[in-house]
Each structure stands twice: as C-alpha cells, then as structure tokens.
Amino acid sequence: MHRHLVKSTLVAAAALAVLAACGTGSGERTSEARGTEAAVPAPPEKKPVKGLPGMPPVLDPEDVYAADRPNKLSPVVKDFPSRVYVPNTESDTVTVIDPKTYEVTETIRVGRQPQHVVPSWDLKTLWVNNNRGHTLTPIDPETGKAGKDVEVHDPYNLYFTPNGRYAVVMASLDRELVFRDPHTMEIRKTVPVSCYGVNHADFSLDGRYFIVSCEFSGELLKVDTEKMEVVGQQRLPFQGAMPQDVKISPDGKAFYIADMTAHGMWVLDGDRFTEPTLMPTGKGCHGLYVSRDSREMYVTNRGEGTVSVFDFTQGKLTKKWKLPDGGSPDMGGVSADGKVLWLSGRYDAEVYAIDTRTGVQLARIPVGSGPHGLAVYPQPGRYSLGHTGVFR
C-alpha cells in the first residue's frame with residue numbers, strides 16, 4: 001500500500017513536471033513571438049536634406065511639392081482674394097479674372113510687352129515682367145492695385161533663390177542671369193551666358209543648383225545657386241531644339257524640360273547633368289504644371305490645342321485632353337484646391353479653365369492680345385521660386 005502511494009505520488013509529480021514544462025515552453029514561444037514582432041524593422045527614416053544655407057527646411061525628401069497640398073495656404077496669403085492675373089504681351093495690360101464667376105473684374109495698364117506675372121519669394125507681391133518696357137510692375141495681391149514701376153532691364157522672366165536672398169532676372173536678349181535684391185531689385189551680380197534666350201528654370205531639391213533653358217540656341221545651363229556661377233552647359237540632341245518650361249520631379253531625381261520644336265519633354269538627370277532623353281507629348285510642348293497631390297503633371301501642347309497628363313509614378317503619359325474648339329494653351333497654373341487648370345491661349349486672346357479630374361473645358365474667357373504667363377493667386381506653399389508660381 002505504501003509502495004502504491006509512493007508510486008502514485010511520483011506519477012503525479014511527473015505529470016505536474018510535464019505540465020509545468022509545457023507551460024514554460026508555451027511561455028517561451030509567446031515570448032519569442034513577441035520578441036520577433038518587436039524586432040520587425042520600422043520603415044527607414046527619411047534622411048534630412050542638407051539644403052542651401054538659409055533655405056526653409058525640405059518638408060519631405062521624397063516630395064519637393066509637399067507644401068503645395070490643396071488649400072494649404074500660407075498665413076501670409078490666406079485672406080487674399082482668389083484671382084487669375086493674365087499678362088497680355090501685345091495689349092500691354094494685365095487682365096484680372098474672378099475664378100468663381102469666370103468674369104473679368106479689372107484690366108490693369110502696365111509696361112511694354114508684359115510676359116509673366118510672378119509671385120515674390122515672400123508671397124506679398126506679384127511682379128509683372130514688362131520685357132520691352134524694361135520695368136517690373138508690382139501688384140498688391142491683397143488690394144489688386146498696381147504700384148510704381150521699378151526699372152529692370154530685359155526682364156523676360158523672374159525667379160527667386162530658395163533662401164529668398166536674391167531675385168534672378170532671366171535677361172533673354174541681354175544674354176545674362178542677373179541676381180538682384182528681391183525687394184528693391186538692385187543688381188547684386190550679373191552673370192553673362194554664352195547661350196541665347198535664357199527663359200525658364202527650376203531648382204534642385206536641396207536648392208543648391210538650378211537648371212535653365214536657353215530657347216534660341218537649344219541649350220541647357222546648370223547654375224550653382226550660392227556661387228551664382230554657371231557650372232554646366234550642354235546642347236540638346238535635337239536639331240532646332242527650343243526648350244521652354246522646366247520642372248523638377250517630386251522626388252528630385254529628374255528635371256523635365258518642355259521643347260516646342262521637339263514636341264515633347266526632355267528628361268534630365270540634374271545632378272549628373274548627362275544627356276537627356278526625349279519623351280514625345282504633342283506638337284508645341286510648352287508649359288509644365290504639377291498636380292496638388294504630386295502624382296501628375298499637366299503638359300501643354302500649344303501647337304495642337306491639347307494637354308497631356310504625365311504620371312510620375314508610372315513614368316509615362318496616361319491621358320490627353322483636347323480643347324473642344326482648338327486653341328493655343330500656353331502657360332498658367334493650378335487652382336488652390338487643385339480642381340482647375342488655368343491656361344493662357346497665346347495666339348487666341350483667351351484663357352482656358354480645365355477640370356483636372358476629367359479634362360473638360362469649364363470656361364473660355366476673352367482677354368487681351370497675346371496672353372502669356374498667367375498666375376493663379378494665391379496658391380498653397382511656404383515661399384515662391386518665381387515664374388507663374390513655383391512653390392515649395
């Protein structure tokens with residue numbers, strides 16, 4: 001009886017030991033599972049961009065347009081009335097349109113041959129580039145009133161360095177890049193160039209250089225922003241090339257340069273500045289405008305009255321919209337909410353409003369003669385790099 005009790009006790013103890021062992025094993029597996037789960041690597045942190053000294057920090061290294069989301073207006077401009085400002089090169093006027101009603105609200109008399117309406121770096125002023133009048137006309141976007149002209153020679157186009165330190169005048173016929181004080185427009189440095197027809201540009205992700213198109217000699221320049229020096233120059237591999245608008249991809253890895261005679265966009269590695277490749281879009285490729293979600297770019301084909309839509313992720317054209325009655329879509333911008341693309345009709349004395357979701361023409365508005373670089377204002381963004389509204 002005693003031996004039986006001992007045997008039973010030993011069996012029970014062994015069973016408890018097995019159960020205990022099983023419990024420990026389960027606990028270890030749970031612990032291992034939790035440990036494995038905890039060890040799953042987090043998404044890699046985006047390395048901060050070492051930008052041009054004095055430049056506002058890059059919000060997203062993978063999207064240079066991160067500050068341009070729908071209706072994300074700076075406190076500086078949030079109370080400005082929404083307007084479309086259209087420079088008419090042959091009428092020497094700026095037509096002002098209310099985008100809600102599609103009606104012309106005012107016509108402002110400016111200097112000879114106004115080419116572009118350019119938002120200042122600090123977003124407080126719109127500068128009208130009176131190319132042959134050799135002046136800039138300031139417009140207060142809060143009141144819509146024009147101020148006193150400022151003398152500036154050959155201001156075909158106007159940009160601002162990303163740190164706001166300089167205005168850069170594209171003196172096309174003078175064959176110069178002129179770095180000026182962004183407020184007084186006094187000259188700080190003049191950079192002669194050997195190409196013909198400097199006209200459009202865009203800055204790298206870090207703001208340390210910019211790419212410039214030379215329309216009349218079919219060339220590209222690479223300019224060091226801080227040194228204010230041309231550090232690269234190349235001729236496009238197309239006979240009779242006429243490069244126009246320039247835009248950087250959201251991830252900063254490529255520049256796109258519209259070409260009016262090659263009928264497409266050049267795709268350029270700006271860092272390496274190697275020979276670009278051509279992507280056909282349509283006859284008279286001219287203006288480039290990025291959507292508010294940074295997914296697409298609207299490409300105007302002035303010679304055929306169409307707009308091509310380029311998908312950045314897919315790296316290809318996905319749609320083409322045709323203006324119902326033809327036209328000459330040139331330059332412009334996207335509305336603050338991203339729903340409307342506004343474009344000047346260069347040879348038709350009109351402006352087009354196009355639905356960015358469907359490509360449907362919403363309005364066709366008569367303006368002065370030779371409408372060119374129209375600006376939609378205000379737009380989202382922390383600061384302006386110039387042209388008709390390139391914001392970061």
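User: Which cysteines form a disulfide?
Analyst: Cys-195 and Cys-214 do, with their sulfur atoms 2.1 Å apart. A disulfide here is a pair of cysteine sulfur atoms within 2.5 Å, and by that rule the count comes to one. Bear in mind that this is a predicted model: local features need pLDDT of at least 70, side-chain atom pairs count only at pLDDT 80 or more, and totals for chains, interfaces and linings use all residues. Residues are numbered from 1 along each chain as its sequence is written, and side-chain values use heavy atoms, with hydrogens and water left out.

User: What's the handedness of the disulfide?
Analyst: The torsion about the S-S bond of Cys-195 and Cys-214 is about -50°, so the disulfide is left-handed. Cys-195 sits in the loop between strand S12 (187–192) and strand S13 (198–203), and Cys-214 in strand S14 (residues 209–214), so the pair ties together parts 19 residues apart in sequence. Strands are DSSP runs (E, at least two residues), numbered from the N terminus.

User: Are those two buried or exposed?
Analyst: Both Cys-195 and Cys-214 are buried, meaning under 20% relative accessible area (1.4 Å probe, protein chains only). Cys-285 is buried too, at 0%.

User: Which residues lie nearest its centre?
Analyst: Of the 18 lining residues of the largest pocket, Gln-115, Tyr-156, Glu-215, Phe-216 and Arg-346 lie nearest its centre.

User: Where does Gln-115 lie?
Analyst: Gln-115 is in strand S4 (residues 114–119), and Gln-115 is buried, with a relative accessible area of 5%.

User: And what does its side chain make polar contacts with?
Analyst: The Gln-115 side chain makes a polar contact with the side chain of Gln-113 at 3.0 Å and another with the side chain of His-372 at 2.8 Å. A polar contact is a pair of N or O atoms within 3.5 Å; within protein, one must be able to donate a hydrogen and the other to accept it, and residues adjacent in sequence count only if both atoms are side-chain atoms.

How values were computed
Helix = DSSP H or I, 4+ residues; strand = E, 2+ residues; numbered from the N terminus. Buried < 20%, exposed > 50% of the residue type's maximum accessible area, 1.4 Å probe, protein only. 1 Å grid on protein atoms, 1.4 Å probe; cavity = no way out; pocket = protein on both sides within 12 Å on 5 of 7 lines; lining within 4 Å.
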